[in-house]
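Please look at the sequence and the 3D structure before reading on.

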Amino acid sequence: MVASSRRRRPRAQSAPETVRPNEPEAIFVVGVSRSGTTLLRTVLETSERIAIAPENHFVGHLVRGYGAREQFRRLGDLAEDGTISRVVEFVYSGEMQRRSRLREISPFWRWLIREITPADVEQRLLAAERTERGVWAALLRIYADFHGRPVMGEITPAHLAFVDTLLQWFPGAKVVHIVRDPRAVYVSDSRRRRDRPTPPYSWLMRVPLAFQAVMLVQTVLAWSGAARRHWRLLRGHSGSYSMIRFEDLVGRPDEVLPALFDFLGVALPATVTDVKVVSRGFNLGEAGFDAGAADRWREHIHPFAARFLRLVLGRSMRRLGYLD
């Protein structure tokens, strides 16, 4: 185990009450990266009933083999107590970060290391159902209990590819898929990569045309895949799955949010439209619902990129209301 000299952290608190009959077992927020998942998480957490854990990539990752459960499998059978000890050691010792290579570990694991002691985590995992589903549920429960909220949940955009697994593991859960205009996704993601360059994007930026080409292809693949999944999930999980558009959320929150919370089975918070969200985009530092974010990409996109995305994704964009 991790050395006992590690500084003690606050123990996880107990939730003040259990989930009510009409509330979901869990809430999962998914979608293409840069589509507004962070905004949606902030909105949901205006409810004192909901705790949405940060991104953790437990069920899966965009890169095969990088999902936390895939990494934990290499440590042994979760039914064995020794494996649970190795899982905790893997997270707290820094080995999980070392194996992450080119990127920092997902925010949830950083939160866990900062706020909860290894002993507390190990105790909770030993008492949990000794399966991948049980371990993940225990981790999400730790986060929700720490914040004193009964309805647990999490936000990992890449879990869009694993919605079937999410709903198999948590039959009483609700999944919310947030979609954004692919042209806005392209502009936002390109800006993020330029502002915080990490390999391989930092290498590609040495050749601007190569960088633009990769970002365009990446956007096309992610967005077209998300659109296909949406229609399939809507048919197969209509009572547990819902999609909202980023543009509608920021432009018409008074209409969108009551319907969203009704779908979730959670009472609409009185202050939900007063949510203060610090923009990570072109209006950095401003707060609140930024209706202008819906169309600001038009001021920054290269004409070729706009034409390319419209040409390749036109059919799917039209079905989702993104061609004017």
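## Two helices side by side

In helix α11, the residues Q212, L216, T219, V220, W223, S224, A227 and W231 meet F304, A305, F308, L309, V312, L313, S316, M317 and R319 of helix α14. Contact here means heavy atoms within 4.5 Å. Helices (H or I, at least four residues) and strands (E, at least two) are DSSP runs, numbered from the N terminus.

The model is predicted: local features need pLDDT of at least 70, side-chain atom pairs count only at pLDDT 80 or more, and totals for chains, interfaces and linings use all residues. Residues are numbered from 1 along each chain as its sequence is written, and side-chain values use heavy atoms, with hydrogens and water left out.

Helix α11 covers residues 208-236 and helix α14 covers residues 303-319; they pack at an angle of about 5 degrees, with their axes 10 Å apart. Axes are lines fitted to C-alpha atoms, for helices over the stretch in contact, and angles run from 0 to 180 degrees between N-to-C directions.

T219 is found in α11. Is T219 buried or exposed? T219 is buried, because its relative accessible area is 4%. Buried means under 20% relative accessible area, exposed over 50%, and partly exposed in between (1.4 Å probe, protein chains only). Leaving out residues up to four places away in sequence, T219 touches P182, V185, Y186, S224 and L309.

## The chain as a whole

The chain has 14 helices and five strands. Of its 324 residues, 54% count as buried. Among contacts in the chain with a separation of 6 or more, 74% are between residues 24 or more positions apart. The accessible surface comes to about 15500 Å², and 51% of this belongs to carbon and sulfur atoms. Accessible areas come from the Shrake-Rupley method with a 1.4 Å probe; for residues, only the protein chains shown count as cover.

## The sheet

The five strands form an open sheet in the order β2-β3-β1-β4-β5, with parallel pairing. Strands β2 and β5 (241-245) are at the edges, and each pairs on one side only. From one strand to the next, the twist averages 20 degrees. Two strands pair if DSSP finds at least two bridges between them.

Strand β3 (residues 151-155) pairs in the parallel sense with β1 (residues 26-30) over four bridges. Strand β2 (residues 50-53) also pairs with β3 in the parallel sense over four bridges. The table gives some of the partners in β3.

| Residue | Partner in β3 |
|---|---|
| F28 | E154 |
| I52 | G153 |

Helix α1 (residues 37-44) packs on the sheet and touches β1, β2, β3, β4 (174-179) and β5; its direction makes about 155 degrees with that of β1. Helix α7 packs on the sheet too, touching β1, β2 and β3, and its direction makes about 105 degrees with that of β3.

Five of the five residues of β3 are buried, so this strand is largely enclosed by the rest of the structure. V151, G153 and I155 point one way from β3, and M152 and E154 point the other way. In a regular strand the side chains alternate between the two faces of the sheet.

## The nonpolar cores

A nonpolar core is a set of buried Ala, Val, Leu, Ile, Met, Phe, Trp, Tyr and Cys residues joined through side-chain atoms within 4.5 Å. The largest one has 51 residues, of which F58, F72, W109, L112 and L139 touch the most other members. Helix α7 (residues 132-146) gives the most to this core, with 10 residues. Apart from it lies another core of 27 residues, including L39, L44, I155 and L257.

Leaving out residues up to four places away in sequence, F58 touches residues including R69, F72, W109, L139 and W169. R69 is in helix α2 (residues 68-73). R69 is buried, with a relative accessible area of 12%. With the same exclusion, the residues that R69 touches are F58, V59, E132, F162, T165 and W169. The C-alpha atoms of R69 and R133 are separated by 9.2 Å, although these residues are 64 residues apart along the chain.
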